Amino acid sequence: MVLSRGAMAAFRLALIQLQVSSIKSDNVTRACGLVREAAAQGAKVISLPECFNSPYGLKYFPEYAEEIPGESTQKLSEVAKECSIYLIGGSIPEADAGKLYNTCAVFGPDGNLLVKHRKIHLFDIDVPGKITFQESKTLSPGDSFSTFDTPYCRVGLGICYDIRFAELAQIYAQRGCQLLVYPGAFNLTTGPAHWELLQRGRAVDNQVYVATASLARDDKASYVAWGHSTVVNPWGEVLARAGPEETIVYSDIDLKKLAEIRQQIPIFSQKRSDLYAVEAKKL
């Protein structure tokens, strides 16, 4: 991998681990305040967590849902332009044509909407005695890949449960992404078991940076998030990791390091396309 002409070899990434309340306007106001704080610390790409404007839960999705563009995403557009940053808007419950989606809106430094990612893989699990959850009872799945370009690199998007599906990350790597960002909210069962493992796996398999922006933990919530927002490099090393509390995680993304790793272990040129392939069925 060679850096494209004019591309910048390093930039600061910030992940906002937000403590979400039941008051939407407060969540949005505090999220924007933390975006400003991260930008003041030099972050050029900033991500909010999954469901940043609403409590996470089936009963909350219809109540808090809004269209895109709408009140929450308008605030994100304004703060992205004000701070001249790329803002990955975590996710919100999106209402569109009678359906609800778990949707991430991304805004550029000019405040324009760059891409909208609807969670592809819905969180339907049943771990007896620990956790049962079915997003599909209220949400519909998205059906498209979502990437956007920055002066630094191309970024691929997933939301939480999307990270479990290696094929999505592989498609993004094939399409030139060097950073994958997953706003998420793993729980106290799957979080300690799989959260970091999955991030390191996606990073090593595809020789990309992987970042996850989680909700902060609220032990009184109906769904308790694991927290621990994390950044992993293409070598599988954890560069930054939060605890459970509200915080901002910073990491400097070094694309020269990525290029070096891909040169040292050239798996992309060594794949046996005569034996196997992962292919996208849609653009």
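Analyst: The side chains of E94 and R118 form a salt bridge, with an N to O distance of 2.9 Å. The model is a predicted one.

User: Why is the contact of E94 and R118 called a salt bridge?

Analyst: The label requires a side-chain nitrogen of Lys or Arg within 4 Å of a carboxyl oxygen of Asp or Glu.

User: Which residues are joined with E94 and R118 into one network?

Analyst: The network consists of E94, D96, K116 and R118, joined by salt bridges that share partners.

User: How many salt bridges does the structure hold, and what makes the pair K119 and E50 one of them?

Analyst: The structure holds 16 salt bridges. For K119 and E50, the closest N and O atoms are 3.0 Å apart; the cut-off is 4 Å, so the pair qualifies. K119 sits in the loop between β6 (113–118) and β7 (124–127), whereas E50 sits in the loop between β2 (45–47) and α2. These residues are 69 positions apart and again link distant parts of the chain. K119 and E50 are both buried.

User: What makes α1 roughly parallel to α3?

Analyst: The axes of α1 and α3 come within 10 Å and cross at roughly 15 degrees. Angles under 35 degrees count as roughly parallel, so this crossing falls in that class. The crossing is right-handed.

User: Which residues of α1 and α3 meet?

Analyst: From α1, the residues are K24, V28, C32, V35, R36 and A39; from α3, they are E71, S72, K75, L76, V79, E82 and C83.

User: Why is S72 called buried?

Analyst: Its relative accessible area is 1%, and buried means under 20%, so S72 belongs in that category. S72 lies in helix α3. Not counting residues up to four places away in sequence, S72 touches K24, V28, N53 and E66.

User: What makes S77 buried?

Analyst: S77, also placed in helix α3, has a relative accessible area of 13%. The limit is 20%, and therefore S77 counts as buried. Leaving aside neighbours within four places in sequence, S77 is in contact with F107 and G111.

User: How do you know that I261 is buried?

Analyst: I261 has a relative accessibility of 3%, which is under 20%, so the label holds. I261 lies in helix α6 (residues 255–264). Apart from neighbours within four places in sequence, I261 is in contact with Q207, P234 and W235. I261 and S251 are ten residues apart in sequence, and their C-alpha atoms are 18 Å apart in space.

User: Why are S25 and S84 called partly exposed?

Analyst: The category lies between the 20% limit for buried and the 50% limit for exposed. S25 has a relative accessibility of 47%, so S25 falls between those limits. S84 has a relative accessible area of 46%, and the conclusion for S84 is therefore partly exposed as well. S25 is found in helix α1, while S84 is in the loop between α3 and β3 (86–88).

User: Which feature does UniProt place at residues 11–255?

Analyst: The unreviewed UniProt entry places the feature "domain: CN hydrolase" at residues 11–255. In the model, the end C-alpha atoms of that span lie 9 Å apart, and the span is 25% helix and 31% strand.

Notes. Residues numbered from 1 in each chain as written. Predicted model: local features only at pLDDT ≥ 70, side-chain atom pairs only at ≥ 80, totals over all residues. Heavy atoms only, no water. UniProt positions renumbered as here; feature names shortened; annotations may be inferred. Helix = DSSP H or I, 4+ residues; strand = E, 2+ residues; numbered from the N terminus. Buried < 20%, exposed > 50% of the residue type's maximum accessible area, 1.4 Å probe, protein only. Axes fitted to C-alpha atoms, helices over the stretch in contact; angles between N-to-C directions. Parallel < 35°, antiparallel > 145°, perpendicular 65-115°, else oblique. Left-handed = near helix turned anticlockwise from the far one by under 90°. Contact = heavy atoms within 4.5 Å.
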